[in-house]
Amino acid sequence: MNVHQMALRWACLVCLYPLALGGSTHLPNGRKRSKDVFLGEKTRHKHGGRIDFKMKKSDSTKSLLIKSEQLLRIEDHDFAMRPGFGGSAIPVGIDVQVESIDSISEVNMDFTMTLYLRHYWQDDRLAFPSSNNKSRTFDARLVKKIWVPDVFFVHSKRSFIHDTTMENIMLRVYPDGNILYSVRVTVTALCSMDFSSFPLDTQNCSLELESYAYNENDLMLYWKNGNDSLRTDEIVLSQFFIEEFQPSYGLAFYSSTGWYNRLYINFILRRHIFFFMLQTYFPTMLMVMLSWVSFWIDRRAVPARVSLGITTVLTMSTIITGVSASMPQVSYVKAVDIYLWSSFLFVFLSVIEYAAVNYFTTVEEMKKLKKSTATGLVPTTYNTNQAMAFDGCFHDEIDLSPFPELPTTPTTDRAAPPRNSSSAAEPAPTEGTRLWRRRSVRHNLKFIMSNSYMIDSYSRIIFPLAYLLFNIIYWCMYS
C-alpha cells in the first residue's frame, strides 16, 4: 500500500515539474508584456500611438514645417518663377519705416540708415483655405522656399539684415494669397554732397530702391500708401537737422536690360552752424582781433610786435589745417575756406604793416642822421651806441622826434640855384591835370614815409572797418 502511494506521488511530481518550470519561466515575460502594454497605452494616450522616443525630438519640428508646406502647397509649384509668369507685371507695394540715421560722413560722402522694409504682393500659389480668415506668420526658414521680390539699394556701399537673436525677417501669408514680407536692414549708401557753402550748407540725399532682375515688364514697384508709405521715428542728429522726408518715384534705364521702376527716399539735411561757430569762426575772429593789438604797441618794440604777428599767423595756419583734415579733398572753394583765408590775409597784412612801419622809421632816421652829419650839426651827446636804434631795437636814450630845421647860412644861399625868370610867367597847373596828380601822390607818399607813426594810426581804423565789412558781406551771402 505504501509502495503504491509513493509511486503515485513520484509520478505526480514528474508530471507537474515541467509545468512548474514553465510557469516560473514565463512569469517575467508576462510582467514585461504587461509593462509594455502599460507604456504603450500611456504613450498612445499622450501621442496617439507608440513612437520612437529617439526620433521624437528631431521629427517634431520637421513635422510642423511639413504641415505648413503642405498647407501652402509649396511642393506643388515652382517658386523660382514669379507669380503670373508670362502675363502682366506683378505689382509690388513698398512701405518703409526709418528707424534711425546712424551716421553721415562728409569725408566718405555717404550716410548709414537703419529701416524696416516691407513688401506687399499677391501670390495665388500660396492661398490656403481658412474658416476664420486668419493669416499665418512665418520666419526666415520658409522665406527661402518661396518667391520674394529681389529689391536692392542702388549706390549702396554696405548693407546687411540684422540677425540677433534670429534673422529679422517676417513673412505673413493671408488666405487669399496676399503676402507681407518685412525685413530690418542697415544700409550705407552714397550721397553726392556739395560743399561750396560748407558749413552753411544744406544737403539733399536719397536712398534708392529697385528690382535687380525684373524690369518694368515683369515687376512694378510702387509706394503702397503714397506719401504715407514713408514713416520715420523721432530722429536727432548731432550736426544736422532733418528738414524733410519725402518719397518719390522714377524710372531707370540700362542699355542692356531696359527700364526699371525705382523708388526714392529723399531727405534734406541742414547743418547746425553752432558747432562750427565755436570750433572755427570764433577762434578765427579772435586771432584777427589779436593781430590788431600790435597797432597800439610802440613801433620801436620789435620783439613784441614780431612775436605777436608770428603767433597769430601760426595759429591761423593750425586752424586751416584742422578744418581741411576733416573735409574731403574737393577741387572747389568752400565757404569756410573763403572765411579762413580772408582772415589769414588780415593777420598777414598786420605783419606786413609793421614791416613797412619799421622800414620807413629806419629810413627816416637814417636820412636825418646823414643830414646832420653833412652839416656838422651832430649833437655832442650822440655816440655809436645810439646808432643801434636804427636797426629797429628799442632804446630809451634815443629821441626819434624830428630834428629842428637847419638855419639858413650864406653858404646854403649861394648854393641855391638861381630861379628862371621865365618859369614865373608860366601858368600854374590846374587841378586834375596829370602833373598835379603825380605830384600829389608823390607828396603823400613822402609825407607818410617821413611820418611813419601815422601808418599805425590809420591801421587802427582801416583794419577793423575792413574786417567788419567783410563779415557783413560774407554772412549775407551764405546765411
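This is a predicted model: local features need pLDDT of at least 70, side-chain atom pairs count only at pLDDT 80 or more; totals for chains, interfaces and linings use all residues.
**The chain as a whole**

The protein chain has 10 helices and 12 strands. It holds 479 residues, and 34% of them count as buried. Residues 24 or more positions apart account for 76% of them.

**The disulfide**

How many disulfides does a search of the whole structure find? It finds one. The bond joins Cys-191 to Cys-205, with an S to S distance of 1.9 Å. Cys-191 sits in the loop between strand 7 (178–190) and strand 8 (202–211), while Cys-205 belongs to strand 8, so the pair ties together parts 14 residues apart in sequence. The torsion about the S-S bond of Cys-191 and Cys-205 is about -75°, so this disulfide is left-handed. Such a link is a covalent bond between the sulfur atoms of two cysteines.

Are Cys-191 and Cys-205 buried or exposed? Both are buried. Cys-476 is another matter. This residue has a relative accessible area of 61%, which is over the 50% cut-off, so Cys-476 counts as exposed.

**The nonpolar core**

The largest nonpolar core contains 81 residues. Six of its residues touch the most other members: Ile-94, Val-96, Phe-111, Leu-115, Leu-171 and Leu-207. Look at Leu-171 in detail. Leaving aside residues up to four places away in sequence, Leu-171 touches Arg-136, Thr-137, Phe-138, Leu-142, Val-143, Ile-146, Ile-179, Leu-180 and Tyr-181.

**An exposed arginine in a strand**

Arg-158 lies in strand 5 (residues 156–161). Its relative accessible area is 52%, so Arg-158 is exposed. Which residues does Arg-158 touch, not counting those up to four places away in sequence? They are Thr-186, Val-187 and Thr-188. Val-187 is 29 residues from Arg-158 along the chain, yet their C-alpha atoms are separated by 5.8 Å.

| Helix pair | Axis separation | Angle |
|---|---|---|
| Helix 4 (residues 274–291) and helix 6 (residues 335–375) | within 9 Å | roughly 15° |
| Helix 5 (residues 302–325) and helix 6 | 10 Å | about 165° |
| Helix 4 and helix 10 (residues 453–478) | within 12 Å | roughly 155° |

Start with helix 4 and helix 6. Their axes cross at roughly 15°, which makes helix 4 roughly parallel to helix 6. Helix 4 passes helix 6 in a left-handed crossing. The helix 4 side of the contact includes Thr-280, Tyr-281 and Thr-284, and the helix 6 side includes Val-336, Tyr-339 and Leu-340.

Helix 5 and helix 6 pack at about 165°. An angle over 145 degrees counts as roughly antiparallel, so helix 5 and helix 6 are roughly antiparallel to each other. This crossing is left-handed.

From helix 4, Met-277, Tyr-281, Thr-284, Met-285 and Val-288 take part. They meet Tyr-467, Asn-471, Tyr-474 and Trp-475 in helix 10.

Terms used:
Residues are numbered from 1 along each chain as its sequence is written. Side-chain values use heavy atoms; hydrogens and water are left out. A disulfide is a pair of cysteine sulfur atoms within 2.5 Å. Helices (H or I, at least four residues) and strands (E, at least two) are DSSP runs, numbered from the N terminus. Buried means under 20% relative accessible area, exposed over 50%, partly exposed in between (1.4 Å probe, protein chains only). A nonpolar core is a set of buried Ala, Val, Leu, Ile, Met, Phe, Trp, Tyr and Cys residues joined through side-chain atoms within 4.5 Å. Contact means heavy atoms within 4.5 Å. Axes are lines fitted to C-alpha atoms, for helices over the stretch in contact, and angles run from 0 to 180 degrees between N-to-C directions. Angles under 35 degrees count as roughly parallel, over 145 as roughly antiparallel, 65 to 115 as roughly perpendicular and the rest as oblique. A crossing is left-handed if the near helix is turned anticlockwise from the far one by less than a right angle, and right-handed if clockwise.
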